[in-house]
Each structure stands twice: as structure tokens, then as C-alpha cells.
Amino acid sequence: MEKKQNTRPPYNVWKTGIKSSNYRKNIIELMGSKCVQCGFSDIRALQIDHVNGGGRQEHLKGGHKWQAILLSNLLSGKKIENYQILCANCNWIKRVERKEYRHPRDVQAV
Ligand SMILES: [Zn+2]
């Protein structure tokens, strides 16, 4: 079987032993654990938002890889410009304002 050419070597995040299921939690904590818009801080409703949109595509393509990269950058102290923490409300409002709908039917719900 042929190996994929673009399989990347492990990011250092994998050496930390953080499970991929915990990437989100760790990222949110490292990014301040609160919504940058309104300060909401219940981690259960906080989301990692791709500042310039297009995150969904990235997420679909890369699975947990984008989180591994982001977490790796956070752990190594790099400045994060592409992502921010938003609560579900603010993320939804942003999506509506930017017309980043998940499904066409969401437009009708607004
Ligand atoms: Zn918020």
C-alpha cells in the first residue's frame, strides 16, 4: 500500500501525550478560556473560531490535524492570529453576519 506523500511528521504536541479528544479543551485553556467578544467562560459552550472564516473546510480536510498544529503553536509560545475563542452565541452571530451558514436551511431560521 502506498503511503500518502503529505503525511506530516509528528508535531511536538503528540509528544506531550495529550489525546486528540482533549485538543479542544487544551487549546481553549491556553487561549484564555473565555469568549473574546463577551467574556463568557463556560468551556462547554466555547468554540475555537477561525478568525477569517474558512475554518470549516480546514476542519473537514484535516480532521484533528489543525488542532494539533494550533496546540503545538500555543505550547511553543507562538502568537496565534488565525484563531480566537468565541462562545456559541457570538460564533453564531458572527456566522450570521458573515453569512457563513452551515446549511441553506439555516438562513430560514434567522
Ligand atoms: Zn461570546
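**Close-up views of a predicted model**

**Figure 1. The buried face of helix α3.** In this predicted model, helix α3 contains the buried residues Gln67, Ala68, Leu70 and Leu71. Because these residues span an arc of only 165° around the axis, they lie on the same side of α3. An α-helix has 3.6 residues a turn, so residues three or four places apart point the same way. The cover over the buried residues of α3 includes α1 and β2. After α3 comes Gly77, which has a positive phi near 80°.

**Figure 2. The packing of helix α1 against helix α3.** Helix α1 comprises residues 23–30 and helix α3 residues 65–75; the two pack at an angle of about 35°, and their axes are 10 Å apart. The crossing of α1 over α3 is left-handed. From α1, the residues Tyr23, Arg24, Asn26, Ile27 and Leu30 take part, and they meet Gln67, Ala68, Leu70, Leu71 and Leu74 of α3.

**Figure 3. The largest nonpolar core.** This core has 13 residues, and those with the most contacts inside it are Ile27, Cys35, Leu71, Ile85, Leu86 and Cys87. At least two residues of the core come from each of α1, β1 (46–50), α3 and β2 (83–87). In soluble globular proteins, nonpolar side chains tend to be buried together. Over the whole protein chain of 110 residues, buried residues make up 15%.

Figure 4. Ile85 is placed in strand β2. It counts as buried because it has 24 C-beta neighbours inside 10 Å, where 20 or more are required. Leaving out residues up to four places away in sequence, Ile85 touches Ile28, Met31, Gly32, Lys34, Cys35, Val36, Leu46, Ile48 and Asp49. Ile85 and His50 are 35 residues apart along the chain, and 8.8 Å separates their C-alpha atoms.

**Figure 5. Asn91 in helix α4.** Helix α4 covers residues 88–98 and includes Asn91. With 20 C-beta neighbours inside 10 Å, Asn91 counts as buried. The contacts of Asn91, not counting residues up to four places away in sequence, are Gln47, Asp49 and Leu86. Asn91 lies 44 residues from Gln47 in sequence, while the C-alpha to C-alpha distance between the two is 7.6 Å.

**Figure 6. Ser33 in the loop between α1 and β1.** Ser33 belongs to the loop that lies between α1 and β1. Its phi is near 60°, a positive value in a residue other than glycine. Ser33 counts as partly exposed because it has 13 C-beta neighbours inside 10 Å.

**Figure 7. The elements of the protein chain in order.** Five helices and two strands are present in the protein chain. Along the sequence they follow the pattern α-β-α-α-β-α-α. Of the contacts between residues at least 6 apart in sequence, 74% join residues at least 24 apart.

Technical notes:
Residues are numbered from 1 along each chain as its sequence is written. This is a predicted model: local features need pLDDT of at least 70, side-chain atom pairs count only at pLDDT 80 or more; totals for chains, interfaces and linings use all residues. Axes are lines fitted to C-alpha atoms, for helices over the stretch in contact, and angles run from 0 to 180 degrees between N-to-C directions. Helices (H or I, at least four residues) and strands (E, at least two) are DSSP runs, numbered from the N terminus. A crossing is left-handed if the near helix is turned anticlockwise from the far one by less than a right angle, and right-handed if clockwise. Two residues are in contact if their C-beta atoms, placed from the backbone, lie within 7 Å. A residue is buried if 20 or more other C-beta atoms lie within 10 Å of its own, exposed if 12 or fewer, and partly exposed in between; C-beta atoms are placed from the backbone. A nonpolar core is a set of buried Ala, Val, Leu, Ile, Met, Phe, Trp, Tyr and Cys residues joined through C-beta atoms within 7 Å. The arc is that of the directions from the helix axis to the C-beta atoms.
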